[in-house]
Amino acid sequence: MDVISIDGFECAGHPGEDDIPGLVLIPAAVRALKIPVIASGGIADGRGMAAALALGAQGVNMGTRFLCTREAPVHDAVKQALVAAGERDTNLILRSLRNTARVFKNAVSDEVVALERRPGRRRVRGGAPSRRRPARTGGPGVRRRPGRGWCPPAWSSA
Ligand SMILES: Cc1cc2nc3c(=O)[nH]c(=O)nc-3n(C[C@H](O)[C@H](O)[C@H](O)COP(=O)(O)O)c2cc1C
């Protein structure tokens with residue numbers, strides 16, 4: 001492996017189950033790894049990029065920000081909704097399955113959160129097999145990118 005892209009808790013999609021924000025995760029990853037680190041999660045402009053580089057990352061990966069570009073083949077209403085949204089407009093879904101995904105807050109994702117909070121639902125103990133690596137290749141809190149399926153963000157139908 002030549003380089004690793006690592007997502008902080010801020011990221012869209014799967015932030016993992018440890019809830020370590022980029023401010024903590026990026027320097028920890030840089031310290032633990034011998035290959036270049038690409039910082040991901042919550043980076044949307046040059047200031048975020050400068051912060052990531054200051055923390056030791058070699059570059060950044062932006063997801064949500066590029067979703068809002070003219071070039072992205074996404075409906076304009078979705079882009080407008082994202083641009084109009086604030087920092088509290090995401091939901092963490094599938095926490096109870098230990099497969100957490102940060103998605104846009106809308107009626108669908110609100111309902112998923114409510115369903116997961118309902119008493120009597122089964123909670124997955126232990127959850128999915130750990131993706132943590134031993135300290136040799138990445139210490140505590142340092143996670144490889146998920147190699148499995150991706151849950152699409154619930155952007156639609158606000
Ligand atoms: C529309 C969209 C699709 C994505 N698809 C994947 C994917 O298939 N696999 C994956 O590991 N990460 C995926 N991601 C996560 C991004 O690669 C990136 O790590 C994340 O978006 C960074 O956080 P940010 O959106 O806050 O910039 C996706 C993100 C978005 C916004």
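In this predicted model, 3 strands form an open sheet whose order is β1-β2-β3, and the pairing throughout is parallel. The edges of the sheet are taken by β1 (4-7) and β3 (59-61), each of which pairs on one side only, and from one strand to the next the twist averages 35 degrees. Strands of a sheet pair through backbone hydrogen bonds, in either a parallel or an antiparallel arrangement.

| Strand pair | Sense | Bridges | Bridge partners |
|---|---|---|---|
| β1 and β2 | parallel | 4 bridges | Ile 6 and Ala 39 |
| β2 and β3 | parallel | 3 bridges | Ile 38 and Gly 59 |

Strand β1 is joined to β2 by 4 bridges, and within this pairing Ile 6 has Ala 39 of β2 as its bridge partner. Between β1 and β2 the chain passes through helix α1 (residues 22-32), in a β-α-β crossover that is right-handed. From β2 the chain continues through helix α2 (residues 46-54) to β3, and this β-α-β crossover is likewise right-handed.

Which residue lies over the face of Phe 9? Arg 102 takes that position, at 4.8 Å from the ring centre. As for pairs between aromatic rings, the structure holds 0 of them.

The confidence of the prediction remains to be described. The pLDDT averages 84 over the protein, and 76% of the residues score at least 70. Over residues 129-158, however, the pLDDT is below 50, although this stretch has 62 contacts in the model beyond near neighbours in sequence.

Notes:
Residues numbered from 1 in each chain as written. Predicted model: local features only at pLDDT ≥ 70, side-chain atom pairs only at ≥ 80, totals over all residues. Heavy atoms only, no water. Pairing = 2+ DSSP bridges. Helix = DSSP H or I, 4+ residues; strand = E, 2+ residues; numbered from the N terminus. Axes fitted to C-alpha atoms, helices over the stretch in contact; angles between N-to-C directions. pLDDT = per-residue confidence, 0-100. Contact = heavy atoms within 4.5 Å. Phe/Tyr/Trp six-rings, centres within 6.5 Å; stacked < 30°, edge-to-face > 60°. Lys NZ or Arg CZ within 6 Å of the ring centre and 35° of its normal. Right-handed = clockwise from strand over helix to strand, strands pointing away.
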